[in-house]
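Subject: Structure handover

Hello,

Here is the structure for you. Please open it alongside this note.

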Amino acid sequence: MAGQQQATKSRVVNVDSAVTWDMFIAQAKNQGSPVVVQFTASWCMPSVAMEPYLEELALTHQDILFLLVDVDETKEVASKMGIKAMPTFLLMKDGVVVDKLIGANPDEIKKRVFGLIK
């Protein structure tokens, strides 16, 4: 029908446990897919402000797995990855961190995501 919009399913996957984290990282590694992870917290306004931007990047780069990790809900993963500030973005290839960006900087994360696929 005219005027109706279909809800778009999020391309950013929420990681809710260490088991889920391990599963997605292993899957991406097996498929040769790069991964972009945003470590966030609901109380951190810069983190919350970056989430729609991450979604936009995920729609543009469908060959990359985009993950969102809430550090309060998934402390084990945040600790394992050495996350100390939010937002922190990790860019990974073959299960290994190849780049890290701390802070809410939309232009810089976009540039680094483009660099990840080249």
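This is a predicted model: local features need pLDDT of at least 70, side-chain atom pairs count only at pLDDT 80 or more; totals for chains, interfaces and linings use all residues.

Numbering starts from 1 along each chain as its sequence is written, and side-chain values use heavy atoms, leaving out hydrogens and water.

The sheet. Five strands form an open sheet with mixed pairing, in the order S1-S3-S2-S4-S5. Strands are DSSP runs of E, at least two residues; helices are runs of H or I, at least four; both are numbered from the N terminus. Pairing takes at least two DSSP bridges between two strands. S1 (12-15) and S5 are at the edges with a single partner strand each, so one side of each has no neighbour in the sheet. From one strand to the next, the twist averages 25°. Axes are lines fitted to C-alpha atoms (for helices, over the stretch in contact), and angles between N-to-C directions run from 0 to 180 degrees.

S1 pairs with S3 (65-70) in the parallel sense, over 4 bridges. Valine 13 sits opposite leucine 67 in S3.

The helices. H2 (45-60) packs on the sheet and touches S1, S2 (35-40), S3 and S4. Contact means heavy atoms within 4.5 Å. The direction of H2 makes about 165° with that of S2. H4 (106-116) lies across S2, S3, S4 and S5, at about 5° to S4.

The backbone. Most peptide bonds are trans, and most residues other than glycine have a negative phi. Methionine 86 and proline 87 are joined by a cis peptide bond, with omega about -10°. Proline 87 is in the loop between H3 (75-80) and S4 (88-93). Aspartate 94 is not a glycine, yet has a positive phi of about 55°. Aspartate 94 lies in the loop between S4 and S5 (96-102).

Best wishes
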